[in-house]
Amino acid sequence: MAAPREAPERRPFGRRFLTDPARLFQHNAWDNVQWSEEQEASARSKVQENSSQLLPQDKQEEYEVNAKRYWDDFYKIHENGFFKDRHWLFTEFPELAPNRNPSQNGDSVHEFSNKEESNSEWLGSGENGHCSLETRAENELNLIKSTPKICSEELATQKYSELNRSGGGFPGSSASCRILEVGCGAGNTVFPILQTNNDPGLFVYCCDFSTTAVDLVQNNAEYDSSRCFAFVHDLCNDQSPFPMPDESLDVVILIFVLSAILPEKMQSIVNRLSCLLKPGGMILLRDYGRYDLAQLRFKKGQCLSDNFYVRGDGTRVYFFTQDELHDLFTTAGLEKIQNLVDRRLQVNRGKQMTMYRVWIQCKYRKPAAPQL
């Protein structure tokens, strides 16, 4: 018999915001809101209704085949103005800047609740130890500088193969701390990390399915090719290698990206990312939770399968439970550090709207190598 699940984790700071009217008026957000049985039943009913009519199989296949084009179109339209830089990262994920003074953040938790993934227009229209080998470091820097502005998936694979054959290492091979963000978009996670984490041994990789998104990252004034390597990568292609070897990464970041993938492909993707982690390395995830406002706003005819929908712009989204994510990560051999549900009530006073957002945040670690 399966072991019983642990009770959901709750945020220790949630109650503070409920007792400070001035802060509530300023930020228009309540943290860790508890739902009544009636609210949960209502949400469940809405999901049952909007998922009662599935898209025909041929249409579903079309969205899968053309997924890259839909995301390219999304970034061509929104460029880097849609998502805000995620300075809340270092409150939620202090592992990304371990030497950082927490007071630098200000009230970053509420910055998250007001900005991250809460763009009402989109909701309305869419849902709708350092290496001392100086020569290696120099070779690596020369390689990165010689790489064309857009590193296509094929070119990244070719460069990686050439480096392995020549014994020249790989981009970031001389770094002591390596972070990969998967689904980097326009760089709104990558650039806060590069600006905030001043570890001289840090190297950040970032990839996206969309060539347009990677172009936005590489053309950003903050892009520093001596500390960062952006490349196009299709997570769903098991034959597409990453430009770094297995067991080379300290952290993998997944922020609102796993939800965009066909559910039946999620496990193989998490397995591959787990292989990239060093023993003791971590996957950090933030993504949509079941019964989030975005899920409830979908209409009939936009559902692809259980809790998986297509937006009006052709991009897709899945809404997770804690147990589903726990199973994905533990099946990949990772151990739980954190798995919590974050429910927020946001109030748009100008439009007299209340919005219940539901996100899930996870930290899962690769077991450390056994002591000999």
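I count a polar contact as a pair of N or O atoms within 3.5 Å; within protein, one atom must be able to donate a hydrogen and the other to accept it, and residues adjacent in sequence count only if both atoms are side-chain atoms. The model is predicted, so I take local features only at pLDDT of at least 70 and side-chain atom pairs only at pLDDT 80 or more, while totals for chains, interfaces and linings use all residues. Residues are numbered from 1 along each chain as its sequence is written, and side-chain values use heavy atoms, with hydrogens and water left out.

**Entry: D287**

I started with D287, which sits in strand 6 (residues 277–288). Which backbone nitrogen does the side chain of D287 reach? It is that of L258, at 3.4 Å. The D287 side chain also makes a polar contact with the side chain of S259, at 2.6 Å.

Next I looked for a charge partner. D287 is buried and has no salt bridge. Buried means under 20% relative accessible area, exposed means over 50%, and partly exposed is in between (1.4 Å probe, protein chains only). A salt bridge needs a side-chain nitrogen of Lys or Arg within 4 Å of a carboxyl oxygen of Asp or Glu. The nearest side chain of opposite charge is R311, 7.5 Å away. For charge, Lys and Arg count as positive, Asp and Glu as negative; His and the chain ends are not counted.

I then listed contacts (heavy atoms within 4.5 Å). Leaving out residues up to four places away in sequence, D287 touches F256, V257, L258, S259, F320, V358, W359 and I360.

I call two strands paired if DSSP finds at least two bridges between them. N348 stands opposite M353 of strand 11.

I also checked I337, which is in strand 10. Is I337 buried or partly exposed? I337 counts as partly exposed because its relative accessible area is 35%. I337 and L284 are 53 residues apart in sequence, and their C-alpha atoms are 9.9 Å apart.

**Entry: cysteines**

How many disulfides does the whole structure hold? The search finds 0. The test is a pair of cysteine sulfur atoms within 2.5 Å. C177 has 18% relative accessibility, so it counts as buried. C275 has 38%, so it counts as partly exposed.

**Entry: helix 12**

Helix 12 spans residues 211–218, and its buried residues are T212, A213, V214, V217 and Q218. S210 caps its N-terminal end. A side-chain oxygen of S210 lies 3.2 Å from the backbone nitrogen of T212.

**Entry: loops**

E247 is in the loop between strand 4 (228–232) and strand 5 (249–255). Its phi is near 55°, positive in a residue other than glycine. E247 is partly exposed, at 47% relative accessible area.

Y291 lies in the loop between strand 6 and helix 14 (293–296). Y291 is not a glycine, yet its phi is positive, about 75°. With 14% relative accessible area, Y291 is buried.

G172 is in the loop between helix 10 (153–166) and strand 2 (177–182). It is buried, at 0%.

Note on methods: Helix = DSSP H or I, 4+ residues; strand = E, 2+ residues; numbered from the N terminus.
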